[in-house]
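Welcome, and please have your viewer ready. We will go from one selection to the next, with a short note on what to look for at each stop.

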Amino acid sequence: VVPILLHHGRRRWTAPRSLEQLLAGAELPSPLRDALYAVQPKFAPIVVSMADWPPEHVRSLGLTVFGKLVCEALQRLPGASPEEVLRTLRSWRDLVAAMASASSALESLQALWSYVLRTAAGRPEPVIQVVDELMEAEFMSKRKTAAEYLLEEGAAKGRVELLLALLTERFGRVREAVRERLQRGTEAELTRWAVRVLRAETVDDVFAAD
């Protein structure tokens, strides 16, 4: 058994690389520390850090197209500026196009876009627009808008919780009265409110027309 730890942070791996290092016992007196080292487990995974990998290296790996997209998303999106996020997404055009013939492409991309929308910094509208452009180019009538992806995920994980997360991301802490209204919402209302979140200027705008 060869344990491998894949690190996808934006900075190089600086944590201990073995259980022995993690439990170094620097505060112990030397004779006791040396004696304990002899019986201490030495579990040491191989740490593979993606921090310095350029996009061309990730795309040269022997992975599926979707695997390459996932690696790039994990590596480049957390902590990225809104501008960096959009540049990364636009650079995926050829990779997304290459997935068009795969039978599970829509389901796989749905999971990816959900991660992107949850991770990307800044307002969601520019991200949603780029995602829709990527899907429209290759999937035509099969495509789903980013808003629809959000709603589909909501069906699986709870539309109320997902809509609450969107409201919090857009407008900050949500009032208890709003939370209660979401809980009472019908499926049609939740769908309507989720679409309005994309353009509303305030929380009240989401519900103003109802």
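Which residue forms a salt bridge with Arg175? Select Asp204: Arg175 pairs with it, and the closest N and O atoms are 3.1 Å apart. Here a salt bridge is a side-chain nitrogen of Lys or Arg within 4 Å of a carboxyl oxygen of Asp or Glu. The pair links distant parts of the chain, with Arg175 in the loop between helix H10 (159–171) and helix H11 (176–184) and Asp204 in helix H13 (residues 203–207), 29 residues apart. Arg175 counts as partly exposed at 47% relative accessibility, and Asp204 counts as partly exposed at 45%. For these labels, buried means under 20% relative accessible area, exposed over 50% and partly exposed in between, with a 1.4 Å probe and protein chains only.

Before moving on, a word on the model. It is predicted, so local features need pLDDT of at least 70 and side-chain atom pairs count only at pLDDT 80 or more, while totals for chains, interfaces and linings use all residues. Residues are numbered from 1 along each chain as its sequence is written, and side-chain values use heavy atoms, with hydrogens and water left out.

Now zoom out to the whole chain. Of the 210 residues, 35% count as buried.

Select Arg59 and Glu72, where the closest N and O atoms are 2.5 Å apart. This pair also links distant parts of the chain: Arg59 is in helix H3 (residues 55–60) and Glu72 in helix H4 (residues 65–76), 13 residues apart.

Next, select Glu125 and Arg123, a salt bridge with its closest N and O atoms 3.4 Å apart. Glu125 is partly exposed at 24% relative accessible area, and Arg123 is partly exposed at 47%.

Select residues 105–119 to bring up helix H7, which has 15 residues. H7 reaches 21 Å from its first C-alpha to its last, close to the 21 Å expected at 1.5 Å a residue; the expected span is 1.5 Å times one less than the number of residues. Among the buried residues of H7 are Leu109, Leu112, Trp113 and Val116.

H4 and H7 pack at an angle of about 5 degrees, with their axes 11 Å apart. Axes are lines fitted to C-alpha atoms, for helices over the stretch in contact, and angles run from 0 to 180 degrees between N-to-C directions. H4 is therefore roughly parallel to H7, a label for angles under 35 degrees.

Which residues meet there? Show Phe66, Leu69, Ala73 and Leu74 in H4, which meet Ser108, Leu109, Leu112 and Tyr115 in H7; contact means heavy atoms within 4.5 Å.

**Last stop: Ser18**

Finally, select Ser18, in the loop between strand S1 (4–7) and helix H1 (19–22). Ser18 counts as buried at 12% relative accessibility. Leaving out residues up to four places away in sequence, Ser18 touches Phe43 and Ala44.

Conventions: Helices (H or I, at least four residues) and strands (E, at least two) are DSSP runs, numbered from the N terminus. Angles under 35 degrees count as roughly parallel, over 145 as roughly antiparallel, 65 to 115 as roughly perpendicular and the rest as oblique.
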